[in-house]
Structures are given as structure tokens and as C-alpha cells.
Amino acid sequence: MYAYDEIDRTLIDERVSEFRDQVKRRLSGELTEDEFKMLRLQNGVYLQLHAYMFRVAIPYGTLSSKQLRRLAHVARRYDRGYGHFTTRQNIQFNWIKLADLPDALADLAEVGIHSMQTSGNNTRNVTSDQWAGVAPGEVEDPRIWSEILRQYTTLHPEFSFLPRKFKFAITASEHDRAAIKIHDIGLRLHKNEQGETGFEVLVGGGLGRTPLIAKTIRPFVHGRDLLSYVEAIMRVYNQYGRRDNIYKARIKILVHELGIEKFAEEVEEEWQHIRNSDLKLEAATIEDIRSRFTYPTYAKLPHMPDELRKAAHDPLFERWRKNSVSPHKVQGYSIVTISLKPVGGPPGDATAEQMDALADLADKYSFGEIRVGHEQNLALPHVAKHDLPALWKALDKIGLATPNVNLVSDIIACPGLDYCSLANARSIPIAQELTRRFANHDTADLIGRLHINISGCINACGHHHVGHIGILGVEKNGEEFYQITIGGRADEKAELGTLIGPSVPYNEVADVIEDVVEAYLALRATPDELFIDTVKRLGVEPFRERVYATR
Amino acid sequence: MPLVRGGNISQDDFVQLADDAPLPEKGAVLVSAARFLADPQVLLQRSDRLGVIWPNNRDLDDLVPHLERIAVVALVFPTFRDGRAYSQARLLRERYAFRGELRATGQVLRDQFVFMLRAGFDAFDVKKQTDAEAFGQTVKRYSVFYQPTGDGRLAAPFRRLQLRHSESASL
């Protein structure tokens with residue numbers, strides 16, 4: 001956990017009073033809606049179909065129990081008793097009133113939470129591996145650097161009015177859980193031959209209308225140069241990124257139009273001017289940030305405690321353990337993923353009661369810490385293995401022990417037409433129907449790892465391009481239709497999915513997905529060949545043939 | 001539009017000159033980049049001060065050689081959403097050491113003042129009278145800053161190191 005110091009606290013308090021003044025001026029009519037729009041967006045406030053939506057930042061997906069309780073309080077007091085966790089490790093409240101927003105922000109500021117730059121054409125919440133600091137084999141905790149970047153990008157005087165939004169993601173593990181290749185800037189932390197920390201810098205990834213996988217602009221940027229290098233990239237983008245067309249304004253288009261070599265040259269030239277400026281990170285500065293992160297004092301625990309041995313006789317516990325519990329870097333501890341994808345539920349939603357209960361469980365079993373992953377699930381990062389059986393029972397009581405992590409019903413979906421004014425089609429009911437179709441755990445387990453991603457429009461908030469199965473809602477003659485792609489992935493081998501055939505109407509989507517899954521079961525070489533690997537091996541054609549033969 | 005300079009609403013002593021308007025013999029003038037570049041010498045050799053309005057989609061290269069003899073560079077925000085002039089401002093101040101007046105023009109609204117000050121602007125052609133009047137209050141909104149820029153305000157990383165030093169010194 002990063003603990004705010006006086007400077008961090010002062011800044012968010014000042015931000016709250018600034019926003020209070022802005023809301024007051026809007027309500028009095030002194031500000032036009034057009035002028036206010038950008039100001040509210042920079043504080044995470046969207047106007048959606050039915051109401052204002054309020055998006056709160058959870059930097060690099062780390063929350064304390066105290067913070068989670070405060071989010072529950074906001075859900076209860078200012079909203080309708082629930083919140084929605086997003087693919088940017090944020091949380092959204094969908095029914096908030098404009099006049100209440102300054103108070104909600106002030107309540108959150110008390111526990112070190114803000115909503116700065118969770119929307120608008122600026123640098124968004126810096127995301128990272130939800131297992132940062134606890135994953136076995138990690139090079140080092142990437143959250144130190146995420147926090148350095150969070151501070152650097154917050155209220156940046158030069159980059160708060162960029163051509164378009166701008167997203168960072170950082171990973172420090174070989175297996176990329178942060179989807180860095182679909183970000184404007186992706187950072188892979190690694191060490192050079194001298195053992196010094198630095199980053200492979202990738203640039204120009206993104207989804208939306210023009211999905212592109214990020215390209216490496218520099219294989220190693222030393223940690224001390226991280227901010228100057230980032231500033232060079234952003235300065236080139238701020239000046240030359242397109243502003244004539246909102247759909248061509250992301251940095252990926254600039255990188256694509258210039259070519260990565262030319263873009264890299266521009267950045268290099270700019271960087272040489274500023275790399276020895278005040279942006280150079282002194283070792284003491286990095287240490288100062290590092291020292292504000294606290295880590296649990298782990299006990300010396302056995303690898304296989306008696307409690308776990310005993311509980312192994314319970315098939316329901318075992319099913320959950322095998323699905324939701326992952327290895328921790330410290331012996332005797334585990335990382336527990338908490339699925340927010342119950343059968344028939346909207347992906348990523350949690351009620352205020354669940355949040356409060358989970359905060360208590362985090363205090364009891366996870367050193368008061370909770371993580372949010374971009375898959376719209378939560379995690380308890382430091383659970384002693386001997387506590388797993390008790391934790392499982394407690395989670396089950398509050399409806400948070402669905403054993404479907406990474407399985408076919410662990411669906412990522414945007415809010416879609418049920419909430420969003422941009423959407424062409426509904427996402428949530430499609431996800432709900434699919435979780436019902438694949439509700440049988442044994443079937444889901446037999447299918448194995450399979451990521452379904454659903455977006456209700458081309459803006460791709462549900463990351464459909466990089467779902468193993470991607471579902472994109474489009475509008476055709478006033479009706480909801482869905483395009484289906486397969487073979488996408490967001491990890492270190494990131495790839496965009498390929499369309500398998502013509503789009504299908506709303507009420508046929510679940511049937512088609514079932515057919516795709518059946519085709520996979522028939523086509524896979526061995527029971528442990530994953531869906532994504534079968535598609536890679538065979539291509540789209542055999543799937544197309546099987547799924548569309550009778551359509 | 002009210003001009004805020006040195007933190008106060010003040011009289012603009014520059015006359016903005018259309019490209020085809022005759023050049024007056026006396027008085028400070030503000031001209032477009034096109035007019036300036038067409039014949040820099042005729043403008044620079046006048047005894048009165050010169051200001052140039054520099055568009056936000058043009059590199060500064062053609063302006064830089066003349067900076068020492070220019071009193072005002074006016075940068076443009078065609079809408080407040082277009083942030084290119086922030087980069088130009090920082091480059092002029094921090095890289096090219098421009099010490100004259102750096103004026104923000106266009107859709108300049110209250111909620112950009114702090115960003116603009118931090119980027120190096122010191123004069124503001126403010127769109128609304130009420131915003132201009134609120135200048136003094138608005139720029140006090142923030143007392144801490146995360147990023148080092150050339151505006152002289154102490155950014156968080158340095159402030160922290162100072163704090164830690166004084167903490168350890170007082171032990």
C-alpha cells in the first residue's frame with residue numbers, strides 16, 4: 001500500500017474544493033455545459049443515458065480495506081447501493097447527482113481516493129498487474145513506478161489537454177496481466193546486464209475503431225530516465241497528434257502514420273534535450289516513494305497446512321481452490337481471486353454490503369489489502385493458506401465464491417446500451433445469458449481457460465478485439481447485431497481477433513458462442529490445448545465452417 | 001477582453017495589427033506570424049516594442065532566432081481543449097530562455113490559469129470579465145505541484161527531499 005503524505009493529501013483536498021467551485025458555477029449557470037463538460041470529465045463525471053456516471057480511480061488496482069469501505073459508503077449514500085469495477089481498475093457509480101458529487105469526492109479524499117483524470121483527454125489511471133508485489137518471479141514491485149507515474153501525470157500542466165485520452169500500463173512479470181500491448185504507453189520492467197532497473201517502452205497500442213498492438217520504441221530506458229522519456233513521447237504527441245478527427249486522435253494513429261522509426265527519432269531528439277533536466281529521478285526520490293509503500297510482515301508458514309489438507313476432502317472447496325487460488329511469492333501464502341461474475345449477474349458489479357464484507361475479510365485474512373484486476377475481478381493478495389477454508393466459507397456466504405476465474409463465464413463486458421449513451425447494443429444481458437448457458441462448472445472446467453469480451457460499440461471498452469472470443473455490438477437497420485471474432489489475446493503474445501462470419505442478431509448470440517465452444521471441443525488436439533491455442537494452430541476457417549454451416 | 005498581467009487586470013498597451021493594415025510609426029504592435037515572417041526586419045527595427053502571435057500548429061524554429069528582440073509572444077488556444085500551446089510555452093521558456101511576455105490568447109478560461117502559469121505564461125487575454133476578476137483567487141487554488149517545470153515552483157519530489165533533510169537534521 002502507498003500511504004499519502006502531506007503533499008498528496010493537500011493536492012486532493014485542493015482538487016475537491018476546486019471542483020466544488022466548478023459545480024457551483026455550473027449550477028448557477030455561470031459555466032455553460034460545454035465549458036463544464038471538460039472540467040467534469042477531468043474529475044471522472046460522464047453524462048450517460050439516465051444520469052451522471054462517476055468514475056473513481058483505483059491507482060494500479062490497490063485498495064485498503066478502509067478505502068473499500070468508503071467506496072461502499074459512496075455507493076450507499078449517493079448511489080443505488082452498488083458499484084461497477086471496470087477494465088481500468090476503476091470503479092463506477094451510475095446514478096449519482098451532480099449536486100452530491102463534491103461531497104462524495106470529499107468523503108473519498110479523506111481516505112486518499114480521487115477521481116482525477118479518470119476521463120477526458122488526459123492521462124488516465126495508471127494500471128498495473130493486480131498481483132504486483134506478490135507474484136512469484138516478479139522482477140520487482142511495479143507499483144513504485146506506477147505511483148511515480150501517477151504523481152507525474154496528475155494535473156500535468158502541459159498534458160492536460162491532449163488530442164485524446166492517454167493510458168499507461170506497467171508489468172514486471174514475464175506473464176503480462178496488465179495488457180501493456182494495448183496501451184498508449186506500455187512499460188515492461190526488467191533489468192539490464194548491470195542489474196539496473198529499467199523499462200522496455202512500448203507505444204501506440206489501443207483498441208477502439210482502429211485496433212493496434214503497441215510497438216517497442218526502446219528496449220531499455222533506465223529507471224532514472226523514465227519520466228524524461230515519457231515526457232518526450234507526450235510532447236511529440238501533444239504537438240503532432242491529430243486533432244481534426246476524434247477517431248484518429250490517439251497516439252496509435254500518429255505512430256502508425258509516421259511509422260515507429262520516424263516517431264522514435266522525433267522522441268529521441270526531444271529526449272536528448274530534457275533527459276538531464278529536473279525530470280531525472282534521483283535515487284533518493286525513488287527511495288522516498290518506495291518507503292511510503294508498506295508490506296505485510298509475513299509469518300513463517302508451512303507449504304501445506306493441516307487445515308488445507310482436511311478441507312481437500314470437500315469437493316466444493318477444492319473446486320474453488322483450484323480455480324481461484326494462485327501461488328504467492330511467500331511460502332504458506334496465496335493470492336485469492338474473487339470473481340465478480342456470478343451466474344446471471346452483470347460482470348464487475350459489487351453491492352455496498354459485499355464491499356463492506358470483503359473489507360472485513362481483507363482485514364481478517366489479507367493484511368487489510370484488496371486488489372482490482374482489469375478482468376473486473378477483485379483479489380485478496382496475502383492470504384495464509386491455513387485460512388483458505390474459512391475464507392472460502394465466508395466468501396460463499398456473500399456470493400463471492402463463484403469458481404469461474406478465467407473460465408468461459410468470467411466475461412469482461414462494458415456497460416453497453418443499458419447505461420451508455422455511446423453504445424449501439426446491449427452488453428450486460430448478453431454476458432448474463434452466457435453465464436447461464438455455461439453455468440455448469442464441470443462443463444466450464446472441461447472447456448478450460450477462455451476469455452469472452454463484449455463491447456456494446458466500436459469504442460471497445462469491453463476489449464472485444466483481444467478476447468479469445470470477442471463480441472461487438474453494432475446497429476443494423478435499428479436492431480442490435482453482434483460481430484464475433486476469435487483468437488484475440490491481451491497478454492504478452494497480444495493479438496487481435498479475426499471475424500468468423502457475418503454478424504448475428506441479439507437472440508442468436510448465445511447459440512453462436514455455444515457453437516464456437518463446441519467446435520473447439522471437437523477440434524482441440526488434446527484436452528489441455530487451450531481454446532486460444534487451437535485457434536492459433538488451425539486458424540479461423542474450421543470454426544467458421546462448423547458454426548455457420550447450418551446458418 | 002480583459003488582459004491580466006502581473007496578476008491584475010491591466011491596460012493592453014499593444015495594438016493588434018491586421019495583416020493588411022499600415023504599420024504605425026509609433027506604438028507597440030502585435031502582428032501575426034505571417035506578417036512578421038514576411039519581413040521581420042521592418043518590424044524589428046522600429047523603436048517601439050513588437051509582439052508576435054504564433055499559431056499553435058507551427059514549429060517555433062522560425063521564431064527562435066528573433067526572440068531576443070521580441071517583447072511579447074502571444075500563443076493561441078483556438079478552444080480550451082486544444083493544448084498545443086502549453087508545449088510551445090514551455091519550450092519558449094525552458095529551452096529558448098524567452099524572458100519577454102508570454103501571453104495566452106483565444107479561449108482562455110479561469111480553470112486553465114494554473115496550468116498556464118506553470119507552463120510559463122505571464123499574461124492572459126481572458127475571455128470573460130468574471131474570470132479575469134477571479135484570477136487572484138483562482139491561482140491560489142493549488143499550493144502543491146507534482147511536476148518540475150520551468151516556472152520556479154518547487155515540485156513535490158524536491159520538496160519531499162527538503163522535508164526529509166530537515167526532518168533528519170532536527171533529530
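Guide: Two residues are in contact if their C-beta atoms, placed from the backbone, lie within 7 Å. Helices are DSSP runs of H or I with at least four residues, strands are runs of E with at least two, and both are numbered from the N terminus. The model is predicted: local features need pLDDT of at least 70, side-chain atom pairs count only at pLDDT 80 or more, and totals for chains, interfaces and linings use all residues. Residues are numbered from 1 along each chain as its sequence is written, while chains are lettered from A and ligands numbered from 1 in the order in which they are written.

The part in question is where α5(A), residues 143-153, packs on α9(A), residues 283-291, at an angle of about 110 degrees with the axes 9 Å apart. Axes are lines fitted to C-alpha atoms, for helices over the stretch in contact, and angles run from 0 to 180 degrees between N-to-C directions. The angle makes α5(A) roughly perpendicular to α9(A), a class that covers 65 to 115 degrees. From α5(A), Ile144(A), Glu147(A) and Ile148(A) meet Ile286(A), Ile289(A) and Arg290(A) of α9(A). By class, the residues of this contact are four nonpolar, no polar and two charged (nonpolar: Ala, Val, Leu, Ile, Met, Phe, Trp, Tyr, Cys and Pro; charged: Asp, Glu, Lys and Arg; polar: the others, Gly among them).

Next, the strands. β17(A), residues 452-455, runs parallel to β18(A), residues 469-476, with four bridges between them; strands pair if DSSP finds at least two bridges. β18(A) also pairs with β19(A), residues 479-486, in the antiparallel sense over eight bridges. Ile469(A) in β18(A) stands opposite Ile452(A), and Ile469(A) also stands opposite Ile486(A) in β19(A). β18(A) and β19(A) form a hairpin with two residues between them, and Asn477(A) in the turn has a positive phi of about 45 degrees.

Val516(A) touches Ile469(A) and Ile486(A), as well as Phe543(A) and Val547(A), leaving aside residues up to four places away in sequence. In the largest nonpolar core, of 205 residues, Val516(A) is among those that touch the most other members, with Ile233(A), Leu358(A) and Val73(B). Helix α6(A), residues 226-240, gives the largest share of this core, nine residues.

Finally, the interface: 31 residues of chain A are in contact with 29 residues of chain B. On the chain B side, α3 (84-95), α4 (113-119) and α7 (156-169) each give two or more residues. The largest share, six residues, comes from α7(B).

How values were computed
Angles under 35 degrees count as roughly parallel, over 145 as roughly antiparallel, 65 to 115 as roughly perpendicular and the rest as oblique. A nonpolar core is a set of buried Ala, Val, Leu, Ile, Met, Phe, Trp, Tyr and Cys residues joined through C-beta atoms within 7 Å. A residue is buried if 20 or more other C-beta atoms lie within 10 Å of its own, exposed if 12 or fewer, and partly exposed in between; C-beta atoms are placed from the backbone.
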